[in-house]
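Here is a briefing on one protein model.

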Amino acid sequence: AALFLEKKGYCIILLDQARFPRDKICGEFVSPAADDIFAELGILESIEALNPKRLSGVALSAYESSFLKVPYPLSPNGKTMTSLSMERSILDNLMVEHVRKSRVELMEGVKVTDLLFEDNNVCGVRGHDESKIRLNIKAKLVIDAGGRNSISLRRLNLKKNSFGRGKVALAAHWKGFKADSHYCYMHVSHPGYTGIAPVSTDKVNVVLVVDKNDLVKQNVDEFFVKIVLGNQLRRKFLDNCFPIEKVRVTDSLSYSVKKPKCGGLLLVGDATGFIDPFTGEGIYLSLRSSQLAAEVIENAFNQSNFSNRNLATYDYLRRKEFQKKVILSKLLQRLIYSPFCCDRVIKMFATQKELSSLLVGVIGDYIPVERVVCCDYFVRILSGLIKQQAYSLKSKEGLLNRLTFLASSERKK
């Protein structure tokens, strides 16, 4: 958000409690659609200079009984699509270096502890640096990109309860990876699912998502390795691999956020809510919501109007952009935790290439979500499942007839 607004000529102060480089739990699997935004920010060239890992699709498996690889479909304009797979600490540090080279004033090691108000509008922030020296910073507008624990969510009580059971993510990098893989692997099996993304020639990022209650009285590192290698497909894929760091844990994975009732404040990235990581890619959400916010902010400055009503355009644009993706996420969440349904849908996708390609393109954020969140797509899925069931029954009937024939032949002998 700071870089978008700096390009428009505004004076920006960027506060971050961390000092970079720093690590952060992330799937480290960036949607193909993010490339265009990185290019607009002037960052893509620097990313490519590092020769990062590029993935060409998504591999899906369900309960160790079904598996398929789905390459990314071409973009609407015929472009071959790939996704960036890069360690988060490297990517974040690269972006911070671009900030340092810009006119943005970066203040690291500053913790924001409260919002400043004037006539029901946010007019700045209060905080302190690492030496506990207090700071009051006034501003025409405050952008909160503080994620699930942002000051706005806490101060204004904006976070809603998540739907479904509480989830936690466990993540660690594994070394010794030897497979020549250009796919992100999503394995669904009890008690949760994993996302495995190769980030270099011999290193993968492994993220395990389970119910929060599953960690009660567990040694986190032992639990993580046990569950990851308990799946035979993951065990084969990670053959001779081993974790090279302690497991990191984060909770409150899925939540929604109420709209702020005050002016002078916009939320971007995970501070606007978080989609479960099976279908939600946080880096793209952050980039795209910041892009939308920058346009609304420019209009607010042109009108010298930072009221809640004038800034409401941003919430409208953001919801229009992401609402159906949230619906898709909730539907897929219900699917993946039903072994019977999940296995059959994955097997159906293996025979219905167009349907699986559309879904992967939508998850990659470059094919409109309306292509799959619609009656036509669901009817085609239902039709595919019915055909699959009919084929299965026919195969079983053929096998039964063959066994009957063999038994009859044996009796005649």
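Glu87 and Lys203 form a salt bridge, with 3.0 Å between the closest N and O atoms. A salt bridge here is a side-chain nitrogen of Lys or Arg within 4 Å of a carboxyl oxygen of Asp or Glu. The pair links distant parts of the chain, 116 residues apart: Glu87 sits in the loop between β6 (83-85) and α4 (88-101), and Lys203 in strand β15 (residues 203-211). Both Glu87 and Lys203 are buried. Buried means under 20% relative accessible area, exposed means over 50%, and partly exposed lies in between (1.4 Å probe, protein chains only).

The model is predicted: local features need pLDDT of at least 70 and side-chain atom pairs count only at pLDDT 80 or more, while totals for chains, interfaces and linings use all residues. Residues are numbered from 1 along each chain as its sequence is written, and side-chain values use heavy atoms, with hydrogens and water left out.

**Other salt bridges**

- A search of the whole structure finds 26 salt bridges.
- Side chains of opposite charge can pair when their charged atoms come close.
- Glu108 pairs with Arg100, the closest N and O atoms being 2.7 Å apart.
- Glu108 counts as buried at 16% relative accessibility, whereas Arg100 counts as partly exposed at 36%.
- Lys246 and Asp221 meet through their side chains at 3.1 Å, N to O.
- Lys246 is exposed, with a relative accessible area of 62%; Asp221 is partly exposed, at 23%.
- A network of salt bridges links Lys8, Glu295 and Glu298.

**Cysteines**

- The whole structure has 0 disulfides, a disulfide being a pair of cysteine sulfur atoms within 2.5 Å.
- Cys26 is buried, with a relative accessible area of 12%.
- For Cys342, the closest cysteine sulfur is in Cys341, 8.6 Å away and too far for a bond.
- Cys342 is buried, with a relative accessible area of 3%.

**Nonpolar cores**

- A nonpolar core is a set of buried Ala, Val, Leu, Ile, Met, Phe, Trp, Tyr and Cys residues joined through side-chain atoms within 4.5 Å.
- The largest core has 77 residues, of which Phe38, Ile47, Leu328, Phe349, Val372 and Tyr377 touch the most other members.
- Helix α8 (residues 282-303) supplies the largest share of this core, 10 residues.
- Val372 touches Leu328, Leu358, Leu359, Val362, Tyr377 and Phe378, not counting residues up to four places away in sequence; contact means heavy atoms within 4.5 Å.
- Another core, of 22 residues, lies apart from the largest one and includes Val168, Tyr185, Val204 and Phe224.

- Helices (H or I, at least four residues) and strands (E, at least two) are DSSP runs, numbered from the N terminus.
- Strand β9 (residues 121-128) runs antiparallel to β10, and 5 bridges join them.
- Gly127 has Leu135 as its bridge partner in β10.

Technical notes: Pairing = 2+ DSSP bridges.
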